[in-house]
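Open the model in your viewer and keep the sequence panel beside it. The tour goes stop by stop: select, look, move on.

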Amino acid sequence: MRARYKPWAADFIKENTDIVLPEPSQYFGKWREYFSNDAPLHLEIGTGKGQFIKGMAKQYPNDNFVGIEIVESIIVSAVQKIKKKQLSNVRLLNEDAMDLTSIFAENEIDMIYLNFSDPWPKNRHEKRRLTFPYFLKQYQQLLKPEGKVVLKTDNRGFFEYSLASMSQYGCIFDEVSLDLHELEDPTNVMTEYEEKFAAKGQPIYRLIAHIPK
Ligand code: SAM
């Protein structure tokens, strides 16, 4: 996701620590305690400007949502959205998803969303793809046994790679769609990228999978 460099972003994040939590590892194993309820915990990796997580938090007001976004100039747009709607069931982390296991405990998460993740098409960058086995191992540890990974993308190469990588890892697919919008799923919340690509008539691919322990 491209974003204009925003020199004020770092300060804005520091001023909004009620939404962008600093030092998230302090909540390891205590996310339900933090949200003061026992509701399902959803994690979005690569939240971007926050349209999906805001929409999901409104659609499921009793569930809890955490979004991780590594780029300061991008996450600030998500902070603004959450702030404006005063959503108390969403928190954001300005972190790299490389080390999720220091932030969340085993079996702590119900759903993981990978929305329009960077495809990293060059072979030498395979390790950076969010469906590389290193990441799948983290998801397997963090998800509850009945938990699921939901991946949406416009990128056919990344979708095919993810199907192969996840299948080899032992994931079981609950859904594989080559044209999500044809399904007319009324529960689908669109991301910024999804809206952009769908408007151009491009198919959106979606898979839903669980990862046996
Ligand atoms: N999910 C949004 C959407 O669908 O509109 C944004 C998609 S954008 C292509 C991918 C986002 O993932 C970017 O904002 C990028 O900064 C973020 N990202 C990529 N790798 C990441 C990582 N390792 N940890 C956290 N965020 C990451």
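Start with V150. At 8% relative accessibility, V150 counts as buried, because buried means a relative accessible area under 20%. Show the secondary structure as well: V150 belongs to strand β5, residues 143–153. Keep in mind that this is a predicted model.

V150 and D179 are 29 residues apart along the chain.

**Next stop: H42**

Select H42 in strand β1, which spans residues 41–45. Is H42 buried or exposed? H42 is buried, with a relative accessible area of 7%. Show its side chain and look for polar partners. One partner is D63: the two side chains are joined by a polar contact of 2.8 Å. Another is Y113, whose side chain makes a polar contact with the side chain of H42, also listed at 2.8 Å.

**Next stop: the ligand**

The ligand sits in the largest pocket. How many residues surround the ligand? There are 18, and the closest are G46, E69, D96, T191 and Y193. Colour this shell by class: eight residues are nonpolar, four are polar and six are charged.

Go through some polar pairs next. A nitrogen atom of the ligand is 3.0 Å from a polar backbone atom of N115. An oxygen atom of the ligand lies 3.4 Å from a backbone N or O atom of E192. At T191 the side chain takes part: one of its N or O atoms is 2.7 Å from an oxygen atom of the ligand. Taken alone, the ligand exposes 600 Å², and the protein buries 92% of that.

**Next stop: T191**

T191 lies in the loop between α7 (180–183) and α8 (192–199). T191 is buried, with a relative accessible area of 6%.

**Next stop: two positive phi angles**

Move along the loop between α7 and α8 to E184. Read its backbone torsions. E184 has a positive phi of about 50°, although it is not a glycine. Most residues other than glycine have a negative phi. Which side of the exposure cut-off is E184 on, buried or exposed? At 65% relative accessibility, E184 counts as exposed, because exposed means over 50%.

Now jump to E23, in the loop between α1 and α2 (31–35). The phi of E23 is near 50°, again a positive value in a residue other than glycine. E23 is exposed, with a relative accessible area of 62%.

**Last stop: A10**

Select A10 in helix α1, residues 9–15. A10 is partly exposed, with a relative accessible area of 26%, because partly exposed covers the range between the buried limit of 20% and the exposed limit of 50%. A10 and S73 are 63 residues apart in sequence. Where does S73 lie in space relative to A10? Draw the C-alpha to C-alpha distance: it is 8.1 Å.

Key. Residues are numbered from 1 along each chain as its sequence is written. This is a predicted model: local features need pLDDT of at least 70, side-chain atom pairs count only at pLDDT 80 or more; totals for chains, interfaces and linings use all residues. Side-chain values use heavy atoms; hydrogens and water are left out. Helices (H or I, at least four residues) and strands (E, at least two) are DSSP runs, numbered from the N terminus. Buried means under 20% relative accessible area, exposed over 50%, partly exposed in between (1.4 Å probe, protein chains only). A residue is near a molecule or strand if one of its heavy atoms lies within 4 Å of it. A polar contact is a pair of N or O atoms within 3.5 Å; within protein, one must be able to donate a hydrogen and the other to accept it, and residues adjacent in sequence count only if both atoms are side-chain atoms. Accessible areas come from the Shrake-Rupley method with a 1.4 Å probe; for residues, only the protein chains shown count as cover. On a 1 Å grid over the protein atoms alone, a cavity is a set of points where a 1.4 Å probe fits but cannot get out, and a pocket is an open set with protein on both sides within 12 Å along at least five of seven lines; lining residues have an atom within 4 Å of a point. A molecule sits in a cavity or pocket if more than half of its atoms lie within 2 Å of its grid points. Ala, Val, Leu, Ile, Met, Phe, Trp, Tyr, Cys and Pro count as nonpolar, Asp, Glu, Lys and Arg as charged, and the others, Gly among them, as polar.
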